[in-house]
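Look through the sequence and the model first. The report then takes up strand pairing and charged side-chain contacts.

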Amino acid sequence: MIAELVGPARDRRTLSIKALCDTAGFQISRRIEDVFIRRGLSHDLIYNYNFRQLAGGPKWLADSEFRDARFRKYIGLRGGGDFTLITSHPREILNYYEVVHSHVGPAAWLSALDVPKGLRFASMRHPAGTLTSACFSINALASEYIQRFVPCQEDNDFLRQRLALYKLSDLNFFEALLPPFKSYLEEFTQQDHNYYLMRWEDLIDSPVKTIIGIAGELGCNISVPQAQALWAKLDHVNLTGAHKHNLRYGHGIVNGWKLWLTNTHLDILRDHGIETYAVRYGYGPMSPLDESAYTPFQQTLDDYIRRGEVFRDYGDENLFGFAFNKSNIDFSRFGFRQYPWRTHTAIERSSCRDESLVMEVSDVAEEACGIFNEAASIWINAVQNDDLDSAMIDSIMPVVSRLYNNDAELASFVSAMTATIKTDMGEKYSEPLLLDSLGTTNIVLFQGKYYAVPQALGPVDFSLPNLSGIAFTGIADSFSELILMVKE
């Protein structure tokens, strides 16, 4: 919503960081994928495009002085388990986004980013609703598996309900969600006066009023029709790109959690002190549910809990493993392997059956992230000194070249970075630039737009006054957006 209100950034810093991440940074995920290709496992690799992007995935600040940004990547192998890879890069990489965002560290962001109070925002949802959502969520790893290996007719809410029945009937699992959640709430309550807080329920019930309030805090004066148009664009729409299952269709309603949790779960929340936060943020006490009005789902769940059994008829074992919560949970309870931090990366947790595969990915990622960070530090220094020019591109070439396999790919990097500099200086390339090739599709930059050009079209005349008649696979404002279109 904030990104829609403020619009895309056009400054040199953001554009050049985006270009660096979308070109040199993308080579990190390509090297990881090469590990699976060499082992003949590429067909079974589960690696959502959102995580292949250097700045993709959950993010937070690290280092004692918050100089580093860390990103969590989820990587799986059909029939072989999965693992989470943490990568670390200079904090300035967060400028890839017009709006810097994170799920953790409300205190850290206050000291790390020097911005006016009115430019710090936070969202809140009823704690019971938040935890219900966590139990019904399909993460991007599981989403990628569903998109590729689950028949379309089986991709429905019943699939989510079976997974949620396990998570909610296994009270050890449910309680494991609480320590990280409560830790965040404890930290946020100490800092909430420094943030403009939006309650999720207010957005659903009073979207126009809520949007106008946020716009006012940003210094944007918008009318009621403008707010209505913005909400129409965002209302219950999946905005997570290649992650096709972030939105639970037909749900996302205020107090919807009352149709899924049982009184046992509410008792657990009270025992852990979560009710305190519900009261603090205006939701009131967690009153007991009327058990005579339980839905069929609640009745089934309550029966399992009363018998002391855990629902395990969740079907696809691969999907169950990938859908198991990968973060925001005390996973020390579940026997995952953990590994120490290296210089630029760490394997956070693993259930992958082939440990040698995990270690090879770890080695490849560590090396590639080190090379990228070396180049990024040079580039960031040039950004800060307003010293971006062709000579600066030449200066990082000896470093960046170590990420690329051949001269043609390296030439695409040079073209993309040069185009970014020229565009930011107000210039537009009059000639189309071939930036990359994905299979049988060429990625071309022309006059500030990125085009996916099927090679079957042959030579394309970009000098035509109207390009609408050409059967491009996609057209986008950014390299990463177009790559996503082509992948889809």
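## Model

This is a predicted model.

Strand β4 covers residues 81-90. Ten of its ten residues are buried, so the strand is largely enclosed by the rest of the structure.

β4 pairs with strand β3, residues 68-77. The two run antiparallel and are joined by ten bridges. One of the residue pairs sets Arg72 against Ile86 in β4. Three residues lie between the strands of this hairpin. Gly79 takes a positive phi there, near 80°.

β4 also pairs with strand β7, residues 345-350. Here five bridges join the strands, again in antiparallel order. Thr87 stands opposite Thr345 of β7.

Arg349 and Asp82 form a salt bridge, with the closest N and O atoms 3.2 Å apart. Arg349 lies in β7 and Asp82 in β4, so the contact ties together parts that are 267 residues apart in sequence. Both Arg349 and Asp82 are buried. The β4 and β7 strands are thus linked by five bridges and also by this side-chain pair.

## Other salt bridges

Side chains of opposite charge can pair when their charged atoms come close. The model has 24 salt bridges.

One of them joins Arg52 to Glu33, at 3.0 Å between the closest N and O atoms. This pair links distant parts of the chain, 19 residues apart. Arg52 belongs to helix α3, residues 49-52, and Glu33 to helix α2, residues 12-38. Are these two residues buried or partly exposed? Arg52 has 13% relative accessibility, under the 20% cut-off, so this residue counts as buried. Glu33 has a relative accessible area of 24%, which makes this residue partly exposed.

Asp330 and Arg333 also meet through their side chains, at 3.5 Å from N to O. Asp330 is partly exposed, with a relative accessible area of 24%. Arg333 is partly exposed too, at 36% relative accessibility.

## A salt-bridge network

Which residues are linked in a network of salt bridges? They are Arg38, Arg39, Asp354 and Glu360. Arg38 falls within helix α2, which spans residues 12-38. Helix α2 also holds Glu33, the partner of Arg52.

Technical notes. Residues numbered from 1 in each chain as written. Predicted model: local features only at pLDDT ≥ 70, side-chain atom pairs only at ≥ 80, totals over all residues. Heavy atoms only, no water. Buried < 20%, exposed > 50% of the residue type's maximum accessible area, 1.4 Å probe, protein only. Helix = DSSP H or I, 4+ residues; strand = E, 2+ residues; numbered from the N terminus. Pairing = 2+ DSSP bridges. Salt bridge = Lys/Arg side-chain N within 4 Å of Asp/Glu carboxyl O.
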